[in-house]
Amino acid sequence: MSAAERGRQAGRAHQREPQIEGLTIERYAEVMAYRRHFPAARATEVLLRLGIQPARWDAATRGWGTAMSSALARDEPEMLTRFAKALATQERRLREFPPRIESLGEPVAQQGDIDGARAFEGERAAERPSYLRDEAASAPREAASAPWPAPPAEPAPGALRNLHGTAEMSRFVPRPALPFQELDPARGPSKKR
């Protein structure tokens with residue numbers, strides 16, 4: 001059963017509960033958990049796959065936000081508790097068993113669009129790696145004249161002179177004894193002869 005079908009069943013079961021834009025507080029929290037689980041660029045697709053129009057979601061967000069604010073002002077935490085419990089439960093479920101976005105159901109047609117499948121095509125294209133996109137990511141490169149780069153140029157004569165005046169630090173660099181070397185504490189590691 002897809003998430004959209006579960007939402008419709010939950011909506012029928014809670015006909016007597018307060019709803020804003022057809023969403024109970026629990027269903028509103030579940031949809032919010034889905035939107036938070038998937039990338040923000042796919043928010044419209046998540047809504048459409050759950051059977052909710054974006055305009056309806058915006059109205060529900062304003063309505064439930066106002067209702068929870070007024071419940072908080074009246075010091076009636078029951079609605080906030082139900083919202084928090086439903087949100088936490090769904091987020092935990094999504095973390096433990098992360099679904100693919102396709103498992104949410106087929107997207108409904110977005111109002112005002114001729115084809116609902118194209119409603120979020122722009123979002124999908126932005127997430128596709130460049131090698132899967134229809135358009136070329138960049139202009140094709142011209143073939144190089146040689147299969148490997150030219151060797152580096154010789155350093156300038158004065159560049160090596162600067163290294164000859166540096167301090168000798170090899171005695172300060174720790175050198176652990178290798179398995180084939182004897183360890184002489186007075187002289188440090190030495191080779192076997």
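Student: How many aromatic pairs does the structure hold?
Tutor: The model is a predicted one. Rings count as a pair if their centres lie within 6.5 Å. In this structure the number of aromatic pairs is two.

Student: For the rings of Tyr-28 and Trp-57, is the pair stacked or edge-to-face?
Tutor: A pair of aromatic rings is described by the distance of the centres and the angle of the planes. The ring centres of Tyr-28 and Trp-57 lie 4.9 Å apart, with the planes at 25°. Planes under 30 degrees apart count as stacked. The pair of Tyr-28 and Trp-57 is therefore stacked.

Student: Which helices does this pair link, and how many residues apart are Tyr-28 and Trp-57?
Tutor: Tyr-28 lies in helix H2, and Trp-57 lies in helix H4, residues 54-73. The pair thus joins distant parts of the chain. H2 and H4 are the helices, and the two residues are 29 residues apart.

Student: Is Tyr-28 buried or exposed, and is Trp-57 buried or exposed?
Tutor: The cut-off for buried is under 20% relative accessible area. Tyr-28 has 3%, and Trp-57 has 5%. Tyr-28 is therefore buried, and Trp-57 also counts as buried.

Student: Which residue forms one aromatic cluster with Tyr-28 and Trp-57?
Tutor: Tyr-28 and Trp-57 are a stacked pair. The cluster that holds them also includes Phe-83.

Student: What span should helix H2 have at 1.5 Å a residue?
Tutor: H2 covers residues 25-37, which is 13 residues. The expected span uses one less than the number of residues.

Student: Which helices do the buried residues of H4 pack against?
Tutor: H4 has 20 residues and reaches 28 Å from its first C-alpha to its last. Its buried residues include Trp-57, Trp-64 and Met-68. The buried residues of H4 pack against H2, helix H3 (43-49) and helix H5 (78-96).

Student: Which residues is Gln-90 in contact with, leaving aside its neighbours within four places in sequence?
Tutor: Gln-90 is found in helix H5 and is buried, with a relative accessible area of 5%. Ala-33 and Tyr-34 are among the buried residues of H2. With those neighbours left aside, the contacts of Gln-90 are Glu-30, Ala-33 and Tyr-34.

Student: Which residue forms a salt bridge with Glu-45, and is Glu-45 buried or exposed?
Tutor: The closest N and O atoms of the bridge are 2.9 Å apart. Glu-45 has a relative accessible area of 0%, so Glu-45 is buried. The other residue counts as buried at 15%; that residue is Arg-42.

Student: Is Arg-100 buried or exposed?
Tutor: Arg-100 forms a salt bridge with Glu-102, the closest N and O atoms being 3.3 Å apart. Glu-102 is partly exposed, at 38% relative accessible area. The value for Arg-100 is 62%, and the cut-off for exposed is over 50%. Arg-100 is therefore exposed.

Student: How many salt bridges does a search of the whole structure find?
Tutor: One of them joins Glu-76 and Arg-74, at 3.0 Å from N to O. Glu-26, Glu-78 and Arg-82 are linked in a network of salt bridges. The search of the whole structure finds eight.

Key:
Residues numbered from 1 in each chain as written. Predicted model: local features only at pLDDT ≥ 70, side-chain atom pairs only at ≥ 80, totals over all residues. Heavy atoms only, no water. Helix = DSSP H or I, 4+ residues; strand = E, 2+ residues; numbered from the N terminus. Buried < 20%, exposed > 50% of the residue type's maximum accessible area, 1.4 Å probe, protein only. Phe/Tyr/Trp six-rings, centres within 6.5 Å; stacked < 30°, edge-to-face > 60°. Contact = heavy atoms within 4.5 Å. Salt bridge = Lys/Arg side-chain N within 4 Å of Asp/Glu carboxyl O.
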